[in-house]
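Dear colleague,

I am passing on the structure we spoke about, with my notes below it. Please look through it when you have time.

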Amino acid sequence: MTRQRLVLIALLIAAVLAYYSFDLGRYLSLDYFKSQQAAIETWRAAQPIKAALVYFLAYVVITSLSLPGAAVMTLAGGAVFGLLWGTVLVSFASTLGATLAFLVSRFLLREWVQGQFGDRLRAINAGVAREGGFYLLALRLVPVFPFFVINLLMGLTTLPTRTFYWVSQVGMLLGTIVYVNAGTQLAKIESLSGILSPALLASFALLGIFPLIAKKITERLRTAKVYAGWKKPLRYERNLIVIGAGSAGLVSAYIAAAVKAKVTLVEKHKLGGDCLNTGCVPSKALIRSAKLLSHMRRSPEFGIREATAKFDFAEVMERVQNVIKTVEPHDSAERYTELGVDVVEGTAKIVSPWEVEITRKDGAVQRLSTRSIVIAAGARPFVPPIPGIEETGYLTSDSVWNLRQLPRRLVVLGGGPIGAELTQTFARLGAEVTQVEMAPRILIREDPEVSELVTQRFRAEGIAVLVNHKAKQFVVEQGEKILIAEHEGRDVRIPFDGLLVAVGRVANLKGYGLEELGIPAERTVTTNEFLQTRFPNIYAAGDVAGPYQFTHTAAHQAWYAAVNALFDPFKKFRTDYSVIPWATFVDPEAARVGLNEIEAKERAIPYEVSVYGIDDLDRAIADSEAHGFIKVLTVPGKDKILGVTIVGEHAGDLIAEYVLAMRQGIGLNKILGTIHIYPTMAEANKYVAGVWKKAHAPQKLLEWVARLHAWRRG
């Protein structure tokens, strides 16, 4: 704590002690003032400016120190100075005193509170940044909340001081007038309860409701402006139309049907979206086949002298397609039709905020009116405009599944999760793979040790991992395809037979009416915290909305989009991104939830680290998978979990315990106290909690316990 803070705390304590030690509160009682009212009014008549100044300063001191007596001072202001000047003095003195209390709270406590509870306060800070003035105004107009509490609590937020001052000045004005006016009748009032009549309380309640009503009116006006020029249907043919049948679209339609809404789901390609057809399902099926081959190559580790496998790449790829077909019924049109969803194969275009034009596969055109729309159009692989890339040809995570002949030399452009997964998979299937990444390391969103561990495994398996290599040009020389990449200022030539581009995905924003309706969409469709677009009845969810591009987050968003679309204005929910897990299915797997060290440092969030090496785990040793680690970030001195990174076998499964813990506010102590089956990989979760516990053992107490045991031995 700084010297300035210590000095200020000392002064505040001294002032409060003096107030109570010398019983200064007796001078702020209604009885005392009434007994001295005549003398005070005489003094004010003789020296009006001095009296006003003394009163003003006294009021500022009382409110800035949050001392009791402000109500009596306000009444006294009306009694001594009258309605006009009493209101002026009280209004400015109370606002100045409140602002001083606000600043003191901010100076002494905000840094500590934000550091300790930053994650929990993130939503509050965002709300204050967005509508802090409105929140403060509502609080000022409702006398149920003590003003001194409001002053101190607002000081802990990010509300600008200027905003606090002027909103307080305006918000307290009406209440000030009421109290000052009551003070002008002070001779008739025997106690404070005398002014708190039912009629007066009802007036305050109306004052409190006023800003809420004003906000609703403002929202209506804003909405009317957005919809100006569009003709609203008298009735709707659908409650909801969903555009896109990937994870977000399927879940949105499912929820609508489950609550008996009339819903139409439009998909122009295949139900199930990227995840089923070109993403999660096929990639994991291919990864599984490749992993089996890798285990055979590692047979000596398992006590098996030699193990070999004969396989045909085309047959492996056919297995992938068979897996897709097996999973396909889960996302089929037949299933969703049985659930009550009107499934349409075709293209959709939003032609008005309440109308969607659907062009079916057979060419028939249908226009449907709907109360709400959910855009779930997904994303597609991004292909960078590198010179020569079209001439040499390329594959993406969408088209790679059409391969039936394994490229002898494969270049994978990109070191993110998709690029890393396919890099290792194709190498294990027998291709000579070179991974090219322009960043200093692969898996750049993870902590450096995660990238290093995965990179070491890649190189051990014969993969050329080229980081800090920027692709400049693709050329064909004498029939050979070559990538020219820049590395440390010089050109590097990388020959290849096949190119897989995996540098990210871009949202599908064209072709279904966003431009015509003026719905903002740059990298993704712009939405608010309720997933509403510019038009409150049009929502977006999944990859097209961001900020995450995971199947599970798309489904998570879909719940909010569908429920809000179906039940607004009766009820709607802000989307919760507080605990989002993900995994990269390389070997070893890398999974994460919450903060890692990179993000904690970027956001200046204090943390402690507990690490357990999985090479020490019995089950991992028995399985010859003794590699990786679990790293848990916690609040300093506490077992509250801020984030977890796991690298190792089944990391994507092990992370689930921490997702639950963070979601339900469970700390490491309770994980440590939970029985985990022996021998399992899940024991690692318990052991890392033990690492934290050991680091926070009460050393002084243990010293005394050691003495106790020594004494008992005699």
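Of the chain's 714 residues, 46% count as buried. Please keep in mind that this is a predicted model.

Overall form. The chain holds 24 helices and 20 strands. Its radius of gyration is 34 Å, whereas a compact globule of 714 residues would have one near 27 Å. The C-alpha trace spans about 110 × 90 × 55 Å along the principal axes. If we take the contacts between residues at least 6 apart in sequence, 66% of them join residues at least 24 apart.

The accessible surface is about 36,400 Å², and carbon and sulfur atoms account for 60% of that.

Gly643. This residue sits in strand S20, which covers residues 641–648. Gly643 counts as buried because its relative accessibility is 0%, and the cut-off for buried is under 20%. Leaving aside residues up to four places away in sequence, Gly643 touches Val593, Gly594, Leu595, Lys631, Val632, Leu633 and Met662.

The end of H24. Helix H24 runs over residues 699–713, 15 residues in total. From its first C-alpha to its last, H24 reaches 21 Å, close to the 21 Å expected at 1.5 Å a residue. Just after H24 comes Gly714, with a positive phi of about 90 degrees.

Regards

Terms used: Residues are numbered from 1 along each chain as its sequence is written. This is a predicted model: local features need pLDDT of at least 70, side-chain atom pairs count only at pLDDT 80 or more; totals for chains, interfaces and linings use all residues. Side-chain values use heavy atoms; hydrogens and water are left out. Helices (H or I, at least four residues) and strands (E, at least two) are DSSP runs, numbered from the N terminus. The expected span of a helix is 1.5 Å times one less than its number of residues. The radius of gyration is taken over C-alpha atoms; the globule rule is 2.2 Å times the number of residues to the power 0.38. Buried means under 20% relative accessible area, exposed over 50%, partly exposed in between (1.4 Å probe, protein chains only). Contact means heavy atoms within 4.5 Å. Accessible areas come from the Shrake-Rupley method with a 1.4 Å probe; for residues, only the protein chains shown count as cover.
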